[in-house]
Amino acid sequence: MSDTHAETVLFVRETMLPQQEPPSSSTGAIGWARQNLFSGWLNSVITVVAGLFIIGLVLHIVPWFVSPTWMATSLNECRDMVTAAGHTDGACWGVIRERWQQLLFGFYPPELYWRPVVALLMLFVAIAPVLFSDFVSRKLLVVTAAFPFVMPWLLWGGTVWTPVMAALGFVIGYLVFRGFSGRVAGGLALFIAAIVAVLWWVLLSGLVAGAFASVLPLALTEVQSRAFGGFMLSITIGVAAIGCSLPIGILLALGRQSDLPLVKYMCVGFIEFIRGVPLITLLFVASTLLNIFLPPGTNFDIIVRVIIMDTLFASAYMAEVVRGGLAALPKGQYEGADSLGLNYWQAQRLIIMPQALKISIPGIVSTFIGVFKDTTLVSIISMFDPIGLSNAIRANQAWNGVYWELFIFIGAIFFVFCFSMSRYSMYLEKKLQTGHR
């Protein structure tokens, strides 16, 4: 009996065995390759075929990229250099060396290149406290507020009093709003302030700016819009359209959900009309038809017209993106705002809109990227964006026949801007934890 009992006793080790390193075949690069590239026979075959294709593609593309033609001054000289180097084909990078300034600045006067460069640097400084508020001092918000007025003055030139008077219109509108906000409804006070500001800009700002300019003539050399081109033109249109489309899109999204029938139907009609019309059509309207509806002799700058149309187009799509974020919020958020006694605008500013915009970040950034890339469509209306300039460069006899080099350069710069916006979107989503609500 005791022997049988002894045979069934289980013994448990009192000390743990030391941990051992995992096998090398399951860790590191080898483990990753086994898990992701060679996890089965089909995956292995696909990996081998794709690897051979990539190797063959690299062997054909790399020699073309490393072509020794940087100092060439024409396409024929490029071909001679490629032949002398023992290659059968190669890129003609001389066109980039000779025309990179034109691709960046268009026909802007070379002695004034410092002005768009300063405007671009100021743009980075202006958006830094908005995009990276945790790392950048809020004191730079002064630059953010001044940028929309200083940037046009730097690019177009003219008297400094014009942007000063434009900024003064917002100050006047704010003072009027503060003066009426305690006496009438908030919406009516905002409407009155907007009317006063518009009257200031249309009727008085030009006269006051001219009076100040006659006394203290501080001005930069004027540059006509036809001299704008290249990436400077694309960035100017893109930044203006992106900066204006977001607030307009938010207002349109709120208007579409309004209980006031007139406001709702006006917003719905605008959004559906703009979304149903190609952007090229709107650009043609801005280029040719808009002047028909203006008083005779009115000089409406073509770049301003394009910015307006791009902004309206982007605002309609932005409104739908924001409306999707509003629709994703549970009803309890609205009820919670009501239970706190908040009025409509307080609820939107403090509770509803921050959550809706947080949900809509991917769609908002995608719309921004699309707006920036769509600036190349202005070449259709004979404006010299990078694509339009590439056609002008190839019209030169020395570079007639150059294609890939120009488009690769243009695509690379667009990729840098668009990829940066995409990565910032991912950073912002991670920071705000949009996947956890």
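Reader: Is Lys 430 buried or exposed, and what is its relative accessible area?

Author: Lys 430 is exposed, at a relative accessible area of 70%. The classes are buried for under 20% relative accessible area, exposed for over 50%, and partly exposed in between, computed with a 1.4 Å probe on protein chains only. The model is a predicted one, in which local features need pLDDT of at least 70 and side-chain atom pairs count only at pLDDT 80 or more, while totals for chains, interfaces and linings use all residues. Residues are numbered from 1 along each chain as its sequence is written, and side-chain values use heavy atoms, with hydrogens and water left out.

Lys 430 belongs to helix α18. Helices are DSSP runs of H or I with at least four residues, strands are runs of E with at least two, and both are numbered from the N terminus.

Elsewhere in α18, the aromatic side chains come into view. Phe 414, in helix α18 (residues 404-432), pairs with Phe 372 of helix α16 (residues 361-373), so parts that are 42 residues apart in sequence are tied together. The pair is tilted, with 5.2 Å from centre to centre and 55° between the planes. By the rule used, rings of Phe, Tyr and Trp (its six-membered ring) pair when their centres lie within 6.5 Å; planes under 30 degrees apart are stacked, those over 60 are edge-to-face, and the rest are tilted. The count of aromatic pairs under this rule is 18. Both Phe 372 and Phe 414 are buried, whereas Lys 430 is exposed. Ring pairs also join Phe 372 and Phe 414 with Phe 231 and Phe 417 in a cluster.

Helix α10 (residues 230-256) packs with helix α5 (residues 94-105) at about 20°, the axes being 2 Å apart. This makes the two helices roughly parallel. Axes here are lines fitted to C-alpha atoms, for helices over the stretch in contact, and angles run from 0 to 180 degrees between N-to-C directions. Angles under 35 degrees count as roughly parallel, over 145 as roughly antiparallel, 65 to 115 as roughly perpendicular, and the rest as oblique. On the α10 side the meeting residues are Gly 230, Phe 231 and Met 232; on the α5 side they are Gln 102, Leu 103, Leu 104 and Phe 105. Contact means heavy atoms within 4.5 Å.

Further along, Cys 244 is also in helix α10. At 38% relative accessibility, Cys 244 is partly exposed. Beyond neighbours within four places in sequence, Cys 244 contacts Thr 311 and Ser 315. Its C-alpha lies 15 Å from that of Ile 303, which is 59 residues away in sequence.

Helix α15 (residues 344-359) holds Ala 347 and also Ile 351. Ala 347 is buried at 8% relative accessible area, and Ile 351 is buried at 17%. With residues up to four places away in sequence not counted, Ala 347 touches Ala 337, Leu 342 and Ile 352. Under that exclusion, Ile 351 touches Gln 333, Ala 337, Leu 340, Leu 342 and Gln 346. The C-alpha atoms of Ile 351 and Ala 337 are 6.9 Å apart, at 14 residues along the sequence. For Ala 347 and Glu 320, 27 residues apart along the chain, the C-alpha separation is 20 Å.

Two serines sit in loops. Ser 74 falls between α3 (41-65) and α4 (75-84), and is buried at 17% relative accessible area. Its side chain reaches the backbone nitrogen of Glu 77 at 3.3 Å. A polar contact is a pair of N or O atoms within 3.5 Å; within protein, one must be able to donate a hydrogen and the other to accept it, and residues adjacent in sequence count only if both atoms are side-chain atoms. Neighbours within four places aside, Ser 74 contacts Cys 92, Ala 398 and Trp 399. Ser 382 lies in the loop between α16 and α17 (386-394) and is exposed at 61%. Although Ser 382 is not a glycine, its phi is positive, at about 65°.
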